[in-house]
Amino acid sequence: IETLNDITKYLVPESLSLSVSVSQRIYALTKLHELSIVGTETQLQALLESFPWILGSDKGKVYANTALKELARKAILDGVLPGHADTSKQLADSANAGTRPDFAFFSDANKSTIIVVELKSPQVPLQYEHVLQLLTYYYWMKSHYPTSKITGYLVGKNAGSGIECDDPNIHVKTWDQI
């Protein structure tokens, strides 16, 4: 009994740490559910960048990589990487363009694993042009980091017709699936 009491006494810090971790996950998933209905791309991007494990349990080993985002931003401004819609103009005009919505970049510390995420608002039905936008960034990253394992995610509202991509490293998901 004395040994059990000692074990219980020393598990308190671990229990507190676990409860904090669980409460963060509950918060993130609750916020994801809320934002997947009425959120904006900017809000969803910030949530994913704060909690990359939302993309899958194995994604907890990566973090939001602002250096990769800035590299892509510079490539768009330099005309090396095509920007879709008014992206180039928005980037040039925006003082805080490095945090623009649509794309999030994640990696591990040595960039051996890179994840490119194209986000679409929950109100925007997915289309094949969105897959092409993701593929542009995906293959551009592959050319810069040829030895890295690169994965791409397109996340948005399913239009009812299944949007697919034949590349096994590209995943098309609805907000409900995330």
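The exercises below concern the sheet of a predicted model and the helices around it. Residues are numbered from 1 along each chain as its sequence is written, and local features need pLDDT of at least 70.

**Exercise 1.** In what order do the five strands of the open sheet lie, and which strands stand at the edges?

Solution. Strands (E, at least two residues) and helices (H or I, at least four) are DSSP runs, numbered from the N terminus. Two strands pair if DSSP finds at least two bridges between them. The order is E1-E2-E3-E4-E5, with mixed pairing. Strand E1 (63-64) and strand E5 (170-174) are at the edges; each has a single partner strand, so one side of each is left without a neighbour in the sheet.

**Exercise 2.** Which helix packs on the sheet, and what angle does its direction make with that of E2?

Solution. Contact means heavy atoms within 4.5 Å. Helix H2 (residues 41-50) touches E1, strand E2 (103-107) and strand E3 (113-119). Angles run from 0 to 180 degrees between N-to-C directions, using axes fitted to C-alpha atoms. The direction of H2 makes about 5° with that of E2. Helix H3 (residues 66-77) lies across E1, E2 and E3, at about 135° to E2.

**Exercise 3.** How many bridges join E3 to E4, and how many join E4 to E5?

Solution. Seven bridges join E3 to E4, which run parallel. One of the pairs is Ile-114 with Ile-150 in E4. Five bridges join strand E4 (residues 149-156) to E5, also parallel. Here Gly-156 has Thr-174 of E5 as its bridge partner.

**Exercise 4.** How many residues of E4 are buried?

Solution. Buried means under 20% relative accessible area (1.4 Å probe, protein chains only). Seven of the eight residues of E4 are buried.

How values were computed:
Predicted model: local features only at pLDDT ≥ 70, side-chain atom pairs only at ≥ 80, totals over all residues. Heavy atoms only, no water. Buried < 20%, exposed > 50% of the residue type's maximum accessible area, 1.4 Å probe, protein only.
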